[in-house]
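Subject: Handing over a two-chain model

Dear colleague,

I am passing on to you the structure shown just below, and the notes after it are meant for someone who has not looked at it before. Please keep it open while you read.

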Amino acid sequence: MNWFQRLSKTDRMERELDAEIRFHFESQVADKIRAGLTEAEARRATRLEFGGIEQVKEDCRESRGTLWLVSIVQDLRFGARILARSPGFSITAIVVLALGIGVSTLAFSLYNIIALQAIPVRDPATVVRVERRSRENTTPGVPYSSIAYYRESAKSLSAVMATMNAAPMVLNEDEQRVSSTFVSSNYFGELGGSAMIGRLFDFAREDAGSAPVAVLDFRFWQRRFDSDPSIVGKTIRLNGKPATVVGVTPEAFANLGTENADIWLPLLQHSYFVEGSKSLADPKFDGLILMWGRLAPGVSTSRAEQELLALTNHLRKLYPNVIWDHERIVVTPGAHFLSLEEGGPVLALVGLLVFLILAIACANLGGLLMARGAGRQREIQLRFDLGAHRLRVFRQLLTENLLLGLLGSIAALPLSYAVLRLVLVYSNAPAWMSAMPDWRVLLFTAAMGFVAALVFGLLPTLQMVRRKKERFLWHQLVVCAQVGASCALLILAGLLVRATLHTLYSDPGFGYEQVLSIDPGMSEHGFTSSSAQVYLEKLQNRLQAVPGVTSVSVAMNPPLVNKEVMITGIDVGGRRIMIYPNWVGPEFFETMRIPLLWGRSFRAGEKNAVILSESLARKRWPTEDPIGKQWKGGKDIVVGVVGNTRAMEMNNTDETEIYYPPTADILPEMSVLIKTVGDPNTLSPVIKSIAGSIDPKLFPTITPLTAGFRKNVSEVEQIATIICLLGSIAIFLAVVGLLGLVSYAVAQRTREIAIRLALGANRAEVFSGVLRRFAWPVLLGLVAGVAITVSLSQILRRGLYGISGLDPISYVGAIAILIAILAAAALLPIHRAFQLDISRILHSE
Amino acid sequence: MTTQPKFDLPQGTLDLLILRIVALAPVHGYAIAQRIQMISKEALQIQQGSLYPALHRLENKNFLVAEWGPTETGREAKFYRLTAKGRTQLKTETQSWERLTEVVAMILQHPLGEPS
């Protein structure tokens, strides 16, 4: 019998123990009667011999070795009774804890889903991502020729998969573009899962020469085809190319590396769907094809890296220009939604916010426990007087706290579950993501409850047991922690709200209304620089002739359109300056309404010239005239300085941009920008027909810059909303906690207050005396909160969209709000104290 | 009290005596006390306060198992029985006890006053 069985059978063992001892007792009595005593005498004698029956039993329990467990059960039962006796305190404590723990559980659950949990594919532990690295270069992609070589040669990988996201494609005659992902034919087979209807790609059937096929994603099939089961076998047209739908993915299919596309296509048929594409044939083309592998049984990632490195050195002989110097291959676990490297700073910020909330909740719990300790002084004294050991009372109180922590954790789980479900639904998360807590989340939540109860319950409990009357220091620490954490959160909330307003209502430095970006997607279709130049010239000329178009230009990075942003940097006087580069045509500044401040714009066909934004020019040459200077000491001469913009990233507060004229090799990457009078969207059909007449195999993506602007703004708004929510939780917690603390301070001094009032003291004076105790800790807390935020402001700077991390309005506002709330929290108990019946209090003791 | 033991049992000896008594036949706690008293010709009186904790300790160590059964008078009592492990324990404990008494006796019987 192990201890658990023994414990679970406690009741039975107790009954048996009782019966056994009683049998002994009765036998002894019977023997004595037989020896001639009367029954009464026999019983009396036996009882004397026995000493204490209960003592015998207790010794037996102890020798069974389960006593400590039994007594913990007793403690828990007792604790539950105590908590049930004061439901007001218990419910407040549990709500406070549930909020604090719930927020951290929510954050951890999200982190768990995207980074810790393996996505639901077959044998996720062996799925790996394969990337190239060198000292100078990092790229997510691997050239297809290399992938093919690794697939043939690598023994450490039992399978090699490849995926490539394509530019949005035109489906039939739809206005709305669809997203598509090209995957290797073994992709679905390797990841497991069978088709919802029809079939998925088949390694044996799909290759470059076979009939073009497509697989629909479950959600797209629901949305676009109304879950029509007869879609299998029908023909759809993508970018005008017919393909047969062979099946629909299962609802819970999990894509590697990113969210699911609308349509899946065989990678080997890429050049069919994207006419002119050299993605598979050109060994230099590597930006878009991602490589995945499955480790052979028993192979570790480092062994796979070693083998792939050896193969790479062999590949260098085949493609000397493609393989970098010192290139190495990095193999990382692939079956996670997000790799840890990607979200570092964001995770740190979220972690900090969550920690602040939890700290506030815990400080509150500490305050509440302390206030309650004052009320329980008599009870605890009584227990000591009855001979309880100090350790035993301490353990009992600690058990109570842990019980609270446990209840808080239990209450936190449904809270976090509900919010997480909402988040997943609203963010349109992949179907396999479940809000249901797994063992990691449960463990985390339990640990949080445990830590919260232990850390912040320990000190007040110790002080209760030590029967110290004055808990001044701890008291002040609690207030300090609480005010500090609340203050930091409120300032952060203020900063982010102000940042949102700033993004919405300030000038980004360029005119984005009435500008359309047209991305022809030439590089994907295998355009060379000369064919691209011809195409761009034709397109620009035709567009200029369209009525309503006032300005046309080319640009490598159309503002607000691309998700990825290029950043380079230079060192000026030992400091690194981040720079946003762009390659633009001469008319770019006119099209984007960016003012030319000094010098001139580019001339057509000009080389070795650069134009700087004002702030970059100032940073590089603070005192000198930048015009005519050599950029980075090279051939490029500064010919002009233009106004600052936040064109690349709305949150770029540096506004350090550099513009180059387009070079021949990047012409296939270029987009065209047009400025219009009136609604630019009405021009879409005209633009499409012009593009179609110049080259029918291209399907340009037309994006109004306002759409990109709105998307940027809504992202900021979402972050600000979350922070505001956290901020209001913090305020709520702070109010509850301070209410408790002030009530406690008043309650502790009720007698003293009453005496002073009875002796005719001024009420205001009396209460300001009580409140003065809080002045210093509040002040210290405010200082600490400000210090925390200031030290964070550097991390925050990029997220703050043009607001300084030291924005005085946010700081002053947060402090003012906090003080107002503190004052309100203090007034309630004091108001209650005003109603005190002085004579009754003085008579009560 | 009237039933003080006539002398103190050395530490651990009670366990050995219990194992010895139980080894004869399954027996309940009261009978164990009775038998020890009887066999020792009243020299040893085992108190309940030591007997039952010892029984539970031995049961916990798996030297004894207990089951409920009727006594000769028809009442239900908890009968203890020796396990295989208990039997081995009894054997080793008996041997070491014999060895100990032998050694102790050897020393005690050594003629006094003579250098060794």
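To begin where the two chains meet, 18 residues of chain A are in contact with 14 residues of chain B, where contact requires that the C-beta atoms of two residues, placed from the backbone, lie within 7 Å. On the side of chain A that touches chain B, α2 (10-34), α3 (39-50) and α4 (53-64) of chain A each supply at least two residues, and the most come from α2(A), which gives seven. Sorted by class, that side of chain A has six nonpolar, seven polar and five charged residues; here Ala, Val, Leu, Ile, Met, Phe, Trp, Tyr, Cys and Pro count as nonpolar, Asp, Glu, Lys and Arg as charged, and the others, Gly among them, as polar.

Before going further, please note that this is a predicted model, in which local features need pLDDT of at least 70 and side-chain atom pairs count only at pLDDT 80 or more, while totals for chains, interfaces and linings use all residues. Residues are numbered from 1 along each chain as its sequence is written, and chains are lettered from A and ligands numbered from 1 in the order in which they are written.

Of its 845 residues, 40% count as buried, a residue being buried if 20 or more other C-beta atoms lie within 10 Å of its own, exposed if 12 or fewer, and partly exposed in between, with C-beta atoms placed from the backbone. Among contacts in chain A between residues at least 6 apart in sequence, 82% join residues at least 24 apart.

One helix to look at is α17 (residues 529-544) of chain A, which has 16 residues and reaches 22 Å from its first C-alpha to its last, close to the 22 Å expected at 1.5 Å a residue (the expected span is 1.5 Å times one less than the number of residues). Its buried residues are A:A532, A:Y535, A:L536, A:L539 and A:L543, and, seen down the axis of α17(A), they fall within an arc of 100°, so they line one face of the helix; the arc is that of the directions from the helix axis to the C-beta atoms. The cover over these buried residues includes β13 (549-555), β20 (671-676) and α20 (684-694) of chain A, whereas the face of α17(A) turned away from the buried side carries the exposed residues A:S530, A:E537 and A:N541.

Chain A also holds an open sheet of six strands in the order β14-β15-β19-β17-β18-β16, with mixed pairing, where two strands pair if DSSP finds at least two bridges between them. Its edge strands are β14 (568-572) and β16 (596-599) of chain A, each of which pairs on one side only. Within this sheet, β15 (residues 575-583) and β19 (residues 657-660) of chain A run parallel and are joined by four bridges, with A:N582 standing opposite A:Y659 in β19(A).

Elsewhere in chain A, strand β4 (residues 180-183) points A:S180 and A:F182 one way and A:T181 and A:V183 the other, and all are buried. Strand β3 (residues 157-165) of chain A runs antiparallel to β4(A) and is joined to it by three bridges, A:N165 having A:T181 as its bridge partner. With strand β9 (residues 263-266) of chain A, β4(A) pairs in the parallel sense over four bridges, and A:S180 stands opposite A:I263 in β9(A).

The loop between β3 and β4 of chain A contains A:N172, which has a positive phi of about 45° although it is not a glycine; A:N172 is exposed, with 11 other C-beta atoms within 10 Å.

In chain B, three strands form an open sheet in the order β1-β3-β2, with antiparallel pairing, and its edge strands are β1 (27-28) and β2 (64-70) of chain B. Two bridges join β1(B) to strand β3 (residues 76-82) of chain B, and B:V27 has B:Y80 as its bridge partner in β3(B).

With best wishes
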